[in-house]
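Subject: Structure handover

Hello,

Please find the structure we spoke about below. My notes on it come after.

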Amino acid sequence: LLFSNVNLKEVQYVCQFNNRFLPGTDCLALVCADSLVLGTIDSIQKLHIRTVPLGEEPRRISYHKTSQCFVLLTCRKAAGQQLLGGQPDASMSSGSVVDTISDDGLHFVRLLRGHTFECCNTFALDANEVGCSTITMTFEGDPAEYVVVGTAYVLLEEPDPTRGRLLVFEVTDNRLCLVCEKDIKGACYCLNSFNGKLLSAAGAKIQLWKWQPGSPQDGNRGLEYECHHHGNLATLSINSVGDYVVYGDMMRSVSVLLYKPEPGQLEEIANDFNPNWTTATEILGTDVYIAAENSYNLYTLCQNTETTSEDELKLLSPLGYFHVGDFINQFRKGSLVMRTSEQEQEPPVPSTSVAAAAGGTV
């Protein structure tokens with residue numbers, strides 16, 4: 001995978017051409033407002049791709065910065081010898097091996113070293129329990145960085161999961177130590193770190209949890225329920241900025257919530273009333289949001305906060321549409337292109353986001 005950073009503004013047209021003096025090199029012609037720029041594609045910036053065989057299916061991933069480890073939710077479709085990447089899985093302790101295999105396989109929370117990708121510890125989920133989401137975060141009043149995993153119990157007799165868990169881990173000496181767990185109703189499809197608190201989406205509810213710090217000695221650390229929002233069908237994506245929460249619903253598109261510390265509630269303040277099967281959402285800027293849907297499209301929405309009409313204030317208006325042609329299931333803040341030293345001196349640009357698609361496109 002190869003890409004180049006073109007530091008030009010207001011490019012009107014661009015086309016590719018061949019040059020016999022530069023065989024094997026892609027050349028570009030770019031028309032700007034007052035100039036014609038001819039150049040070649042710089043091959044300095046490359047994404048070095050390394051494939052790590054796991055021997056099982058990865059489902060979710062997050063990064064634990066303190067320990068410089070990746071947290072991976074995986075699924076093994078067949079029982080038998082404990083293997084990881086074709087080798088005996090030394091990270092599995094004898095007390096954490098699951099002997100019975102569910103119809104959906106065996107599911108694990110694995111801790112992988114960030115540089116070598118060696119699995120240093122594994123936590124086995126219960127029979128019929130599936131890992132659905134994971135994040136790393138710090139809670140208000142506690143400087144430690146925790147790993148939070150949302151799960152669901154998948155049973156053949158249930159059309160949709162009715163039970164799940166929130167698992168909070170502490171990483172100590174490259175080991176996953178379970179600090180607390182909370183039973184929830186439904187599958188926890190997404191999690192979000194919200195002002196030192198935890199937002200979880202399960203079933204038709206978005207719940208806000210606060211942290212009781214305690215101490216490792218007294219064992220009183222844990223999640224405490226604060227409030228919730230009810231009214232969606234199934235939330236597949238949550239984002240937050242300040243006291244605002246943006247979520248994408250399976251059939252009811254995008255909505256915006258406002259958190260009010262007093263009396264401690266999540267209030268819905270704006271909706272997109274167009275029916276969209278939303279798969280991912282992200283906050284682009286003040287009152288501007290982007291979302292992906294299951295017909296391989298992107299669409300942007302805006303809330304008109306300057307209007308005096310209450311009806312218009314509660315409406316998310318569409319700004320634009322773009323057909324991607326691939327199923328986008330995740331947005332993340334960031335960029336594939338590093339800012340140069342000259343660009344660092346310029347005024348800050350709007351934040352950029354990276355979209356990941358099911359076909360492998362980034």
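The notes below go from the whole chain to its cores, its salt bridges and a patch on its surface.

This is a predicted model, in which local features need pLDDT of at least 70 and side-chain atom pairs count only at pLDDT 80 or more, while totals for chains, interfaces and linings use all residues. Residues are numbered from 1 along each chain as its sequence is written, and side-chain values use heavy atoms, with hydrogens and water left out.

Overall picture

The protein has two helices and 27 strands; both are DSSP runs numbered from the N terminus, helices being H or I with at least four residues and strands being E with at least two. Of its 362 residues, 40% count as buried, where buried means under 20% relative accessible area, exposed means over 50%, and partly exposed lies in between (1.4 Å probe, protein chains only). The accessible surface comes to about 20,300 Å², and carbon and sulfur atoms hold 53% of that; the areas come from the Shrake-Rupley method with a 1.4 Å probe, and for residues only the protein chains shown count as cover. Among contacts (heavy atoms within 4.5 Å) with a separation of 6 or more, 49% join residues 24 or more positions apart.

Cores

In soluble globular proteins, nonpolar side chains tend to be buried together. A nonpolar core here is a set of buried Ala, Val, Leu, Ile, Met, Phe, Trp, Tyr and Cys residues joined through side-chain atoms within 4.5 Å. The largest one has 16 residues, and those with the most contacts inside it are F139, V148, L166, V168, L198 and L223. At least two residues of this core come from each of β10 (129-139), β11 (142-153), β12 (164-172), β13 (175-184), β14 (188-194), β15 (197-202) and β16 (205-212). The most comes from β10, which gives three. A second, separate core of 14 residues includes C69, L73, L111 and L167.

Leaving out residues up to four places away in sequence, L198 touches several others, including F139, V148, L166 and L223.

Salt bridges

How many salt bridges does the structure hold? There are 10, each being a side-chain nitrogen of Lys or Arg within 4 Å of a carboxyl oxygen of Asp or Glu. In one of them E56 pairs with R76, with the closest N and O atoms 3.3 Å apart. E56 sits in the loop between β3 (36-40) and β4 (57-64) and R76 in strand β5 (residues 69-76), so the pair ties together parts 20 residues apart in sequence. Both E56 and R76 are buried.

K197 and E226 meet in another salt bridge (2.9 Å, N to O). K197 lies in β15 and E226 in β17 (residues 222-230), so this pair ties together parts 29 residues apart in sequence. A network of salt bridges links D126, E129, R165 and E181.

Surface patch

Y13, V31, L36 and L38 form a nonpolar patch on the surface, with about 440 Å² of accessible area together. Patches are made of residues with over 30% relative accessible area and no salt bridge, with like charges joined within 9 Å and nonpolar side chains (Val, Leu, Ile, Met, Phe, Trp, Tyr) within 5 Å. V31 lies in strand β2 (residues 27-31) and is partly exposed, at 31% relative accessibility.

Regards
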